[in-house]
Amino acid sequence: MKNNFDFLRFFAALIVIESHAFPIVAGPIKDYFTEFIYSIAGNTLSPGRIAVIIFFFISGYLITKSN
């Protein structure tokens with residue numbers, strides 16, 4: 001049975017890379033939350049928080065479905 005959990009995990013990993021790379025590239029800026037994903041989410045969810053939610057959701061689902 002094929003599923004998209006690997007793709008979702010890869011997508012979450014890309015979000016983590018993006019959320020860590022932005023402050024590294026931009027430098028120590030006070031208002032570093034002007035990044036792309038944060039502004040799309042209405043300035044409420046940071047990319048790291050989105051990735052953590054995805055990882056926890058996938059982990060919870062897979063643990064629930066395990067034997």
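How many helices and how many strands are there in the protein? The protein contains 3 helices and 0 strands, where helices (H or I, at least four residues) and strands (E, at least two) are DSSP runs numbered from the N terminus. Along the sequence, the elements follow the pattern α-α-α. The model is a predicted one, in which local features need pLDDT of at least 70 and side-chain atom pairs count only at pLDDT 80 or more, whereas totals for chains, interfaces and linings use all residues. Residues are numbered from 1 along each chain as its sequence is written, and side-chain values use heavy atoms, with hydrogens and water left out.

Of the 67 residues in the protein, 18% are buried; buried denotes under 20% relative accessible area, exposed over 50%, and partly exposed the range in between (1.4 Å probe, protein chains only). Among contacts in the protein with a separation of 6 or more, 57% involve residues 24 or more positions apart, a contact being defined by heavy atoms within 4.5 Å.

Two packed helices are described by the angle between their axes and the distance between the axes. For helix H1 (residues 5–26) and helix H3 (residues 47–65), the axes come within 8 Å and cross at roughly 155°. Axes are lines fitted to C-alpha atoms, for helices over the stretch in contact, and angles run from 0 to 180 degrees between N-to-C directions. H1 and H3 are therefore roughly antiparallel to each other, the classes being roughly parallel under 35 degrees, roughly antiparallel over 145, roughly perpendicular from 65 to 115, and oblique for the rest. The crossing of H1 past H3 is left-handed, that is, the near helix is turned anticlockwise from the far one by less than a right angle. Residues making the contact include Phe5, Leu8, Phe11 and Ile15 of H1, together with Ile50, Ile54, Phe55 and Leu62 of H3. By class, the contact of H1 with H3 comprises 15 nonpolar, 2 polar and 2 charged residues. Here Ala, Val, Leu, Ile, Met, Phe, Trp, Tyr, Cys and Pro count as nonpolar, Asp, Glu, Lys and Arg as charged, and the others, Gly among them, as polar.

Gly48, found in helix H3, is partly exposed at 26% relative accessibility. Its C-alpha atom is separated by 5.9 Å from that of Ser19, 29 residues apart along the chain. Glu18, found in helix H1, is likewise partly exposed, at 24% relative accessibility. The C-alpha atoms of Glu18 and Gly48, 30 residues apart along the chain, are separated by 8.7 Å.

The structure holds 1 salt bridge, defined as a side-chain nitrogen of Lys or Arg within 4 Å of a carboxyl oxygen of Asp or Glu. The side chains of Arg9 and Asp6 meet in a salt bridge at 3.7 Å, N to O. Because Arg9 and Asp6 are 3 residues apart in helix H1, about one helical turn separates them. Arg9 is partly exposed, with a relative accessible area of 44%, whereas Asp6 is exposed, at 57%.
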